[in-house]
Amino acid sequence: MTENIKFVQGNEACVEGALYAGLDFFAGYPITPSTEVAEQMSVQLPKIGGSFLQMEDEIASLCAIIGASLTGHKVMTATSGPGFSLMQEALGYAVMAEIPCVIVNVQRGGPSTGNPTHVAQGDVNQARWGTHGDHAIVALTASNHQDVFAVTVEAFNIAETYRTPVILLFDEVIGHMRERLVIPEPGEIPLVERLRTSVKEGVDYHPYLPREDGRLPMSDFGSVHRYNVTGLYHDMWGFPSDNPKIVHGLSRHLMDKIENNAHQIAMVKEYYLEDAEQILISYGASARSALHVVVSRRNRGEQLGLLELQTLWPFPAEIVRDRCRNARSVTVVEMNKGQILEQVKHAVEAPERVFLANRVDGVLINPTDIRNFLRVIQGRGI
Amino acid sequence: MERYRIVFSGSGGQGVITSAIILAEAAVLHENLTAVQSQVYGAEARGGSTRSDVIISDSEIYFPKVTQPNVLVCLTQEAYNKFSGIIRPGGLLITDAKYVEITKKVDARQREIPMYEAVMEKIGKPIVFNICMLGVFIGMTELVKPESVMSVLERRIPKGFLELNRHALQLGMDLTEGVRR
């Protein structure tokens, strides 16, 4: 046994990924099924000189990490649906003020306090549109602990690259189940560090003037430059403005910096798609059941494949359209009423061939459920 | 190897979830096997019936839950009543002789083991009931080595309690001597 092999919960794998990425500040309010993220942070961060804050509620948690990020820290908070609802105001602020931060939502059943200890994937659209106003957002997910680790690292990289909040949308099954995790060696996964301005002290610094490549170098708040940060539309110094040119320009910048790089942000895993006549599209814990069906059916010679989504937002529509072009049927496996289904229907050339295999009763959709849905879709009945 | 689908069940506070974690961790970290452990739990912290699922295999495990265990352990009557029906035909059903009264015959090898009584008689501390159960489990299945379990315990519990747990594990294994597998 070596030290870098662990047997942990998904929530712990997320913590390990965050620490690997260089996280040194966490603020949160514990809530099932995400509590182990906060718990492990409270144990691990003090050991490396980082900060753990237990806040009075979730909006305060997100506000705290926004402030810490501005001062130069890599930051994260973790919650579940009810807390994620409370965070939406601050999430919009982070989008507008372009604050790198990572928000973990380990999903439970909703709406409201819902089904706290059971699995669901009902917050997909909330992650996209929970906060008001036109905006772009990044949301990632994973179906096993090695991937939880990797997408968590990637979340920090994307947050720093595009100066944006990134949402990690896990679920109760992934959060709580235990399996093997191998911690990569330092340097094995590349890290993106904060792009800091080269503007010297006493020289006019424009915190919101993008470089040619669209990136905005930051200056640690409270150090050498004085500047303004606001949730209002703002000019290149960060001061509020209602000048239509500035409002339009910033609105477009906030969308474009994500949407124009959607192909860079898109992460998927492909299983047996080359000759697949039937394609399953899934993500998170549901993808484990889907993969179980695909592998067992392949052994019997059926041409079934799986496209597992790790990037949910921006939705990887081009990849979905391309991979599904020759499929006779496309079945979206998810634990909600069809939130990714709608995206897939928009993306593909033949939406009438797209079906939903779902479960919304707090129980992980199982391989038998999926096989039954496939029989119905094929017109064979259960 | 045959894929083991295991359910440990009992009441909250008996340590069934802890023993499931120890078993799965021993398999992954010390036997180079693949294992997934999960649990279903409600809002209650104690009482009620709890169950933990463990799958142990030498290949990838995708679907992490157990629908039909080939080994089922029940430490309370309530757990037995609730779960005995899901056992895989030909599987192994282990119950505690004091807490569980076998009320029906299922298509499985039913083994009633006096785990609780033995713990109280030989050790006197009910806290290691779950480790004794783990001893019975590995005595019956030989799925992992007792040294692997002890390695996990060495990392997880204070030194002062190691001997107590070693004793309970051995006691459980001794209880399976002469019991038909």
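Chain B of this predicted model has 6 helices and 6 strands; here helices (H or I, at least four residues) and strands (E, at least two) are DSSP runs, numbered from the N terminus. Read along the sequence, chain B goes β-α-β-β-β-α-β-β-α-α-α-α. Residues are numbered from 1 along each chain as its sequence is written, and chains are lettered from A in the order in which they are written. Local features need pLDDT of at least 70, side-chain atom pairs count only at pLDDT 80 or more, and totals for chains, interfaces and linings use all residues.

**Chain B as a whole**
- The C-alpha atoms of chain B fill a box of roughly 40 × 40 × 35 Å along the principal axes.
- With 181 residues, a compact globule would have a radius of gyration near 16 Å, and the 15 Å of chain B agrees with that. This radius is taken over C-alpha atoms, and the globule rule is 2.2 Å times the number of residues to the power 0.38.
- Buried residues make up 48% of the 181 residues in chain B. A residue is buried if 20 or more other C-beta atoms lie within 10 Å of its own, with C-beta atoms placed from the backbone.

**Strand β11 of chain A and its partners**
- β11(A) runs parallel to strand β12(A) (residues 304–309), joined by 5 bridges; two strands pair if DSSP finds at least two bridges between them. Here Gln278(A) stands opposite Leu304(A).
- β11(A) also pairs in the parallel sense with strand β14(A) (residues 329–334), over 5 bridges. In β14(A), Val333(A) is the bridge partner of Ser282(A).
- β11(A), α10(A) and β12(A) make a right-handed β-α-β unit: with the strands pointing away from the viewer, the path from the first strand over the helix to the second runs clockwise.

**Another β-α-β unit in chain A**
- β2(A), helix α2(A) (residues 35–44) and β3(A) make a right-handed β-α-β unit.
- Strands β2(A) (residues 25–28) and β3(A) (residues 51–54) pair in the parallel sense over 4 bridges, and Ala27(A) stands opposite Leu53(A).

**Two helices that meet in chain A**
- The axes of helix α10(A) (residues 284–299) and helix α13(A) (residues 367–377) come within 8 Å and cross at roughly 65 degrees. Axes are lines fitted to C-alpha atoms, for helices over the stretch in contact, and angles run from 0 to 180 degrees between N-to-C directions.
- Residues making this contact include Ala290(A) of α10(A) and Ile370(A) of α13(A); two residues are in contact if their C-beta atoms, placed from the backbone, lie within 7 Å.

Notes. A residue is buried if 20 or more other C-beta atoms lie within 10 Å of its own, exposed if 12 or fewer, and partly exposed in between; C-beta atoms are placed from the backbone.
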